[in-house]
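Keep the 3D view open and follow along.

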Amino acid sequence: MIKRSFRKKITRVVVAVAALSLTIMSVFMFIMLFDLRGFFIESNIDSGKQAEEMSARTVTNQIHERMIRTTQGQANRADSILENFMNSVKVVADYVTDLYTHPEDYPDRTVSLPDKKNDGELSVQLLHSASTDLDDPEVRDELGLVANVQDLLLAINRNDDDMSSNYIATKSGLMIQADYISSRKFDDDGNILPIEAKERPWYQGAEETRKPYFTSLKKDLHTGRLAVMCGVPFNKKGQFMGVAGAGMYIDELGKVVNATDIGKAGYSTLVDSDGKIILSTEGGELYSVDPDEAYDVRETDGEKYFSDAMRRAVDGKAGVELITMQGENYYMAYAPLKTVGWSLVTTIPSKEVNEPTTQLVSALAVSTKKSVEASGAQITFVFILVFVIVILLLFAAAQLARRSSRRLARPVKELTGKVRRVKGDDLDFFWDEDTGDEIQVLAESFGSLTDRMKQYIRDITEITKEKERIGAELNVATRIQASMLPTDFDKYDDLKRFTLFASMDPAKEVGGDFYDFFMVDDRKIALVMADVSGKGVPAALFMVRATTAIRTRTQSGGSPSEILSDVNDQLCIGNTEELFVTVWLAVIDVYTGEGMIANAGHEHPALRHKDGKYELVKYHHGPAVATMEGIPFREHEVKFEPGDTVFVYTDGVTEATNLNNELFGDDRVIAALNHDPDADPKDLLPTVRRDIDEFVGEASQFDDITMLAFRFD
């Protein structure tokens, strides 16, 4: 029941508020006006100083943080490009090493000489030095062996748009090269040009260091474009036999440098290990520096602070500092590219950084001056104006309240009645008045709200049904995947010959990692650790194929290399998504500890002998499974003694990344394992996972994390 009408409430409230407000304002206004001018001036001056200090401090902190974060992030991107490029060359070098080490496993093949008809298309050609005799029986035998690498060269070059060419060069003078420029292998008379690979920097550097070697920026021998070359030595039972190499144009690195956003006048520069500029955006446009014209930026005359900062950058350090260059102050940040020893440097004028603070201080000074000048004249005017307004408002408030309440009350009352009828499931609302004010807007908004509520109810009902369906399907998929991984780790306790434990934590609802263990017969156990490329449902489906194929083939007997070879051919069939899987497979006699292990592109395992520490066991391994049909896989013997433990895992462990884009890495894996090296496998895996979680912090899980530990008792 309404005790007091809306109209009367409006009248009383307006009159009461007006009278009280105007009375209080009249008393205090005249007192405050005289103090307002001084307070206003002091407040503006203090605010200006505080704004200047806070702005300068904030801008400095932000530019430091932004520059080092941007520079480090872009350096990591560029380093990743070079690391992937180097890994492609290492795959070729490992393959050729295997050719020399196990020639009996490979057929005798041939390689075609350059043909101008192939120009513009990717092809493999045989080149050689001027002193190489192709009719020499030993050279012919060597050529027949190393010719097996040509399919791998084509596959790698075809999948890398930035690769200009890739090749192998033997110390006997043979060179097998895959590229698109067959016609440039001939002189003006149509004769094939000899190539002295052993005189090229990529060959000499790899031969001298006996490890992957990057050249400085060079002009490509055939195209003249600027490129960087990488060489990786290959061996025959420890004896140097030649170098696998590839050239990469710097276009992709240029995109990274050009994409480094560092302000309007800022620019980024890529510097090599000799202090020479490779790429730079100074002047607003990306440009590259001819190697013959480059100079050492560490020796810039008259620019000590610039040279010192560049020296620290070239030395592989990371940081940000304020330097003086050509009489101007600049902020300079630098971060290393660890793969090649280069550094990415970003530079921005300090005046651009401090410009917002300067403009703010100037604007505050002008504003304060104008306010001081105007405040004196305004005080007198306001004094008179306030007095007149007080009298007029007291009279007008009473008249306005009386008239307005009558006009406002009617539509409000009608709106109230219609709103009251909207309740429960009855959401129908209709408004046909046109008041032209906020009541009209309120009524139309309420009508729109009821319409949207009805539509939301219908939409939410449908969305809820769909989410429940999708959620149910993903839950089923997760349970199906989990059910395929063996979890009964006590199943073979009656043998009392070993202890094992494993875990798999997918990055999504379903993942591409998997592990497996099962008895091949009454003496031998098979251990499997694998990682399918990609994530989500496609990787999970391929995982089902892979784990089923490996288990089925292993139980049929044979060595790990034979098993992986057959599984590889099987998985290549129908692999339209071009997925592949890295596999670590071991078959171990649980009574003697003897066994065979094959590694198809997977992470190196960690091994601990009784009373010792965990260490990585590194050895050459073959390519991933399902990359190419007909490729062989290597295996090696192993002998476990009582108390020995092997720990295998997927790259989700070593590549777990924190908020600073740092990887967990091999060293931290070994450190985590050696926190308590005597720990039982069931306790060892949770210890490693805790170290990973502490390192990653709040960063999201990027990849599946899968681990397995096996102790021979």
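**A walk through the sheets and cores**

Start with an open sheet of five strands, paired in the antiparallel sense and ordered β14-β23-β22-β19-β20. Its edges are β14 (498-505) and β20 (615-616), each of which pairs on one side only. Keep in mind what holds such an arrangement together: strands of a sheet pair through backbone hydrogen bonds, either parallel or antiparallel. One thing to remember as you look around is that this is a predicted model.

β14 and strand β23 (residues 705-712) run antiparallel and are joined by eight bridges. If you want a pair to click on, D505 has I705 in β23 as its bridge partner. Then look for helix α13 (residues 681-696), which lies across β14, β22 (645-649) and β23. The helix runs at about 150° to β23.

Next, find the other open sheet of five strands, in the order β15-β16-β17-β18-β21, again with antiparallel pairing. Here β15 (513-519) and β21 (636-639) are the edge strands; each has a single partner strand, so one side of each is left without a neighbour in the sheet. From one strand to the next, the twist averages 15°. Inside this sheet, β17 (residues 581-589) and β18 (residues 594-600) pair antiparallel over six bridges, with W584 standing opposite N599 in β18. Helix α9 (residues 536-554) packs on the sheet and touches β15, β16 and β17. The direction of α9 makes about 20° with that of β15.

So what about the nonpolar side chains? In soluble globular proteins, nonpolar side chains tend to be buried together. The largest nonpolar core in this model has 76 residues, and the members that touch the most others are F514, V581, V583, V625, F647 and F710. Strand β16 (residues 524-532) gives the most to this core, with seven residues. For a close-up, pick V625: leaving aside neighbours within four places in sequence, its contacts include L564, V567, L571, F580 and F633, along with V581 and V583. A second, separate core has 56 residues, among them A75, F85, L122 and L217.

Now move to strand β7 (residues 239-249). Ten of its eleven residues are buried, so β7 is largely enclosed by the rest of the structure. β7 pairs antiparallel with β2 (residues 163-170) over seven bridges, and S165 stands opposite G247 in β7. β7 also pairs antiparallel with β6 (residues 226-236), this time over ten bridges; there, A227 stands opposite Y249. β6 and β7 form a hairpin with two residues between the strands, where K237 takes a positive phi near 50°.

Finish at strand β13 (residues 342-349). Eight of the eight residues of β13 are buried, so this strand too is largely enclosed by the rest of the structure. Both faces are covered: W342, L344, T346 and I348 are buried on one side, and S343, V345, T347 and P349 on the other. Five bridges join β13 to β8 (residues 267-271) in the antiparallel sense, while eight join it to β12 (residues 328-337), also antiparallel. V345 is a handy landmark: T269 stands opposite V345, and V345 is also the bridge partner of Y334. β12 and β13 form a hairpin with four residues between them, and G341 in the turn has a positive phi of about 75°.

Notes: Residues are numbered from 1 along each chain as its sequence is written. This is a predicted model: local features need pLDDT of at least 70, side-chain atom pairs count only at pLDDT 80 or more; totals for chains, interfaces and linings use all residues. Side-chain values use heavy atoms; hydrogens and water are left out. A nonpolar core is a set of buried Ala, Val, Leu, Ile, Met, Phe, Trp, Tyr and Cys residues joined through side-chain atoms within 4.5 Å. Buried means under 20% relative accessible area, exposed over 50%, partly exposed in between (1.4 Å probe, protein chains only). Contact means heavy atoms within 4.5 Å. Two strands pair if DSSP finds at least two bridges between them. Axes are lines fitted to C-alpha atoms, for helices over the stretch in contact, and angles run from 0 to 180 degrees between N-to-C directions.
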